[in-house]
Amino acid sequence: MKNEQLFLSQLCKIVVNEKVSAFHEFKEMTFNEPLLIKKCNYHQVLPLVYYYREELQKQFPVLSEDFFRQARTYSVFNATRVMVYENFLAELDKKLSERQIEYRILKGLVMASELYPASYLRAFGDLDIIVKPESITRLNDVLTDLGFQLSEDLYSVFPESIIRKYSFARHYIRSTATNIAVDVHLNLSGKLHAFQFDIEDFWKNSRSVKIGGRSYPTFSNEYLTVYLLYHAFKHHYFKLMWLIDFFKVMDTPTLDVGEFERLIVEYKMEKLWRIFIRICDEIFGQLPVSAASPFLVKYSPIDSRHINAGSVLRGVQPYSPSKARIILPMVYLSGFGRKTRFLFRQLFPPREVIRDFYCRKDLALNWRNYFKLRKKTILEMMNL
Amino acid sequence: MSVHKRADEIEWKMFDDESLLLNIRTGFYFRLNAVGSYIWSNLDGSRNDNEIIRMIADTFDTTSEQAQTDYRAFIAELSQEKLILNV
């Protein structure tokens with residue numbers, strides 16, 4: 001393990017243990033500090049480096065003051081960011097209530113407020129919210145009134161009908177003195193995803209979360225946890241922050257482990273859980289408390305060649321996003337039948353999907369053109 | 001003797017010995033050092049300027065003249081940025 005990776009692993013152990021019982025001191029170790037800062041930034045753990053600096057300084061006395069100063073600078077930036085987002089959220093919530101738009105907050109801000117000793121410790125890039133498809137036009141009006149613009153990304157080139165049909169997230173940006181980004185989701189999984197969540201069931205299982213002293217709606221712990229598990233795997237756990245989030249949420253005493261198990265069985269996500277506990281064991285040196293519950297203890301850890309502690313700590317995505325979309329579900333889906341069905345659907349999606357995304361208006365969608373359009377993808381697959 | 005108070009639209013948080021101030025209306029944010037944070041935390045409208053100047057001199061081991069000069073300059077900056085009100 002490279003020194004930078006060892007540092008990250010030690011940091012993870014400190015974060016979940018608060019105090020590490022077995023004290024290690026890596027006196028002889030040398031670091032490329034600019035690279036370490038880059039790695040910590042990539043994994044979005046710089047605020048944690050600053051917060052746990054005393055323990056880290058003991059274990060890694062070679063690290064310079066300047067290293068921790070840089071971590072501090074980022075932490076101050078993040079603390080300000082949290083304040084900006086908390087205030088914006090209060091403003092948004094008021095507008096959404098006035099327009100009777102139901103929504104739930106996902107990921108970053110919820111994790112920051114509930115799982116960490118201070119909210120600035122959990123870095124986040126944007127505010128993720130989910131609304132019902134019928135509310136999107138009204139939500140768009142609200143965000144436009146608040147000075148937001150739909151980001152000029154890939155999705156903005158698709159017509160409304162396609163965005164709705166495939167449940168694409170929309171990215172809104174407000175460029176003022178304080179930049180704010182909002183990701184608006186209509187669903188947690190799309191037609192082409194490996195897992196198909198019953199979103200109505202998620203909406204029914206909600207609760208409130210306290211952010212900056214005010215209450216906002218989010219999904220219940222167990223449903224949010226299942227989504228986090230899927231979301232992190234979908235992205236190859238390429239940020240340690242997601243792994244820490246998931247460990248911490250699984251360590252929450254209020255988590256109904258039986259309900260969590262019911263959901264992972266219902267959505268056939270047992271393999272994701274089993275890969276996760278292997279990664280946990282290797283990076284954190286322990287498993288979350290919930291893993292020892294009678295419900296979950298029967299799931300033994302399994303190794304994965306593609307998604308493991310080494311790949312997470314290296315922090316490099318081995319595939320392009322389009323390849324990862326096909327390969328990763330082949331790793332974490334369980335059962336030959338499910339893998340085959342998923343692969344087949346990726347290689348040969350319904351003709352309507354091809355028409356929606358690839359077909360020029362002047363190109364008749366017959367079988368000949370269909371296979372012509374798929375040829376490139378299939379050849380790419382064969383070269384994997 | 002004047003009494004100053006933090007403006008309502010200012011959100012603030014302590015970060016170690018610094019304060020982070022956010023003006024909700026304009027979106028601008030500010031960072032205060034340890035002395036600035038000390039003054040800011042005492043601008044709750046319950047103490048007048050003289051009382052705060054005395055507290056600064058005691059806490060930071062400085063002369064009351066120096067404390068007064070620094071305090072006046074700081075209050076002028078906060079007023080200019082509309083972060084405080086004269087009550």
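**Chain B: contacts and overall build**

Select chain B and draw its contacts. Among those with a sequence separation of 6 or more, 50% are between residues 24 or more positions apart. Keep in mind that this is a predicted model.

Switch to cartoon. Chain B shows 3 helices and 5 strands. Follow the chain along its sequence and the order reads β-β-β-β-α-α-α-β. Chain B has a radius of gyration of 12 Å, close to the 12 Å that the globule rule gives for 87 residues, so it is as compact as a globular protein of that length.

The box they fill is roughly 35 × 30 × 20 Å. Colour by burial next. Of the 87 residues in chain B, 37% are buried.

Pick out the charges of chain B. There are 9 positive and 15 negative ones.

Select residues 10-15 and 18-23 of chain B. These are strands β2 and β3, which run antiparallel and are joined by 6 bridges. Zoom to the end of the pair: B:F15 stands opposite B:E18 of β3(B). The hairpin leaves 2 residues between the strands. Click on B:D16, whose phi is positive, near 55°.

As background for that angle, most residues other than glycine have a negative phi.

Move on past β3. B:G27 sits in the loop between β3 and β4 (29-32) of chain B. Is B:G27 buried or exposed? Its relative accessible area is 10%, so B:G27 is buried.

Next, go to B:K82. You will find it in the loop between α3 (64-80) and β5 (84-86) of chain B. B:K82 is not a glycine, yet its phi is positive, about 60°. Its relative accessibility is 52%, so B:K82 counts as exposed.

**Chain A: overall build**

The cartoon has 18 helices and 7 strands. How does the radius of gyration of chain A fit a compact globule of 384 residues, and what is the value? Such a globule would be near 21 Å, and chain A has 22 Å, which agrees.

Orient along the principal axes again. The C-alpha trace of chain A spans about 70 × 50 × 45 Å. Colour by burial: 55% of the 384 residues in chain A are buried. Draw the contacts between residues at least 6 apart in sequence. Of these, 73% join residues at least 24 apart.

Surface on. Chain A exposes about 17500 Å², with 53% supplied by carbon and sulfur atoms. Then show charged side chains: 54 positive and 42 negative in chain A. The centres of the two sets lie 7 Å apart.

Start at A:Q44. This residue lies in the loop between α2 (33-42) and α3 (46-51) of chain A. Is A:Q44 buried or exposed? Its relative accessibility is 14%, and under 20% means buried, so A:Q44 counts as buried.

Select residues 206-211 and 214-219 of chain A. They form strands β6 and β7, paired in the antiparallel sense over 6 bridges. Look for A:I211, which stands opposite A:R214 in β7(A). The two strands make a hairpin with 2 residues between them. In the turn, A:G212 has a positive phi of about 60°.

While the strands are on screen, recall that in a regular strand the side chains alternate between the two faces of the sheet.

Finish at A:E270. Helix α13 (residues 270-284) of chain A contains this residue. At 22% relative accessibility, A:E270 counts as partly exposed. Which residues does A:E270 touch, leaving out those up to four places away in sequence? They are A:I264, A:V265 and A:Y299.

Technical notes: Residues are numbered from 1 along each chain as its sequence is written. Chains are lettered from A and ligands numbered from 1 in the order in which they are written. This is a predicted model: local features need pLDDT of at least 70, side-chain atom pairs count only at pLDDT 80 or more; totals for chains, interfaces and linings use all residues. Side-chain values use heavy atoms; hydrogens and water are left out. Two strands pair if DSSP finds at least two bridges between them. Helices (H or I, at least four residues) and strands (E, at least two) are DSSP runs, numbered from the N terminus. The radius of gyration is taken over C-alpha atoms; the globule rule is 2.2 Å times the number of residues to the power 0.38. Buried means under 20% relative accessible area, exposed over 50%, partly exposed in between (1.4 Å probe, protein chains only). Contact means heavy atoms within 4.5 Å. Lys and Arg count as positive and Asp and Glu as negative; His and the chain ends are not counted. The place of a charge is taken as NZ of Lys, CZ of Arg, CG of Asp or CD of Glu. Accessible areas come from the Shrake-Rupley method with a 1.4 Å probe; for residues, only the protein chains shown count as cover.
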